[in-house]
Amino acid sequence: MNFAPSPLPETEPPHDCPNCPRLVAFRNELRAEFPTWWNAPVPAFGDPDAWLGIIGLAPGKHGANRTGRPFTGDFAGQLLYDTLGKFGLADGVFAAKPDDGLKLNGAIIINAVKCLPPQNKPTPEEIRTCRPFVESQLAELPKARIFIALGQIAHQTSVKLLGGRLPKAKFGHLAEHVMPDGRILIDSYHCSRYNQNTRVLTPEMFEAVFARALELRRSIAAG
């Protein structure tokens, strides 16, 4: 399998990042069981000149942890990349493979936690430990003034890294939070299989988040 390179290579954790013992142990188990998978911290994917940053939770076992590209190879990715394509933020055809030639245009995807956590549930300590990598990536995106957080954990990470205050910035679908430096965070329910199957999140609800991001971008450009 050909794995997608990071658009921000200097900011990524090492392939054998040792920082979270539980995640390292899980990674080693999967490397033994599935030696052809990526099984490492998953890099960012997208446009290094992005105006829009999308913050996810963590790699999925059969998705990004297998393919090495965020939201690639699992159920959640189809809705995300279909939506990005609909709003002109992706070029090419998403085929759920890291070598499908898909490119993002004006958007970049970064996970709050770079490594696969057991049961898709990182601990608070693992979230804190990974935060400096995400912080360094946001620092490399000076054109990104609008962010979308996919789910509660991504929201919490984003608020902290963008300089906001969590008690004041409460998570809610389509909630907007203006950060101290003017950057704007929009919340969305995560595009997980569970949320889609239970209709907690519909395609129309998800599209509304990106429509709002584009509306805000036009408003910022107009001054």
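**View 1. Strand E6 is largely enclosed by the rest of the structure, because five of the five residues in 146-150 are buried.** Buried denotes under 20% relative accessible area, exposed over 50%, and partly exposed in between, with a 1.4 Å probe and protein chains only. Helices (H or I, at least four residues) and strands (E, at least two) are DSSP runs numbered from the N terminus. The model is predicted: local features need pLDDT of at least 70 and side-chain atom pairs count only at pLDDT 80 or more, whereas totals for chains, interfaces and linings use all residues. Residues are numbered from 1 along each chain as its sequence is written, and side-chain values use heavy atoms, with hydrogens and water left out. In a regular strand the side chains alternate between the two faces of the sheet. Both faces of E6 are covered, with Ile146, Ile148 and Leu150 buried on one side and Phe147 and Ala149 buried on the other.

**View 2. Strand E6 pairs with strands E2 and E8.** Two strands pair if DSSP finds at least two bridges between them. Strand E2 (residues 52-56) runs parallel to E6 and is joined to it by four bridges; Ile54 has Ile148 of E6 as its bridge partner. Five bridges connect E6 with strand E8 (residues 184-188), also in the parallel sense. Here Leu150 has Ser188 of E8 as its bridge partner.

**View 3. Phe34 and Trp37 form a stacked aromatic pair.** Rings of Phe, Tyr and Trp (its six-membered ring) pair if their centres lie within 6.5 Å; planes under 30 degrees apart count as stacked, over 60 as edge-to-face and the rest as tilted. This rule gives five aromatic pairs. In the pair of Phe34 and Trp37, the centre-to-centre distance is 3.9 Å and the planes are 5 degrees apart. Phe34 counts as partly exposed because its relative accessibility is 22%, whereas Trp37, at 14%, counts as buried.

**View 4. The rings of Phe45 and Tyr81 form an edge-to-face pair, because their planes lie at 70 degrees with the centres 6.2 Å apart.** Phe45 belongs to strand E1 (residues 45-46) and Tyr81 to helix H3 (residues 75-86), so the pair ties together parts that are 36 residues apart in sequence. Both Phe45 and Tyr81 are buried. Ring pairs link these two residues and Phe94 into a cluster.

**View 5. The charged end of Arg69 sits over the rings of Phe45 and Tyr81.** A charge sits over a ring if NZ of Lys or CZ of Arg is within 6 Å of the ring centre and within 35 degrees of the ring normal. For Arg69, the distance to the ring centre is 4.7 Å at Phe45 and 5.6 Å at Tyr81.
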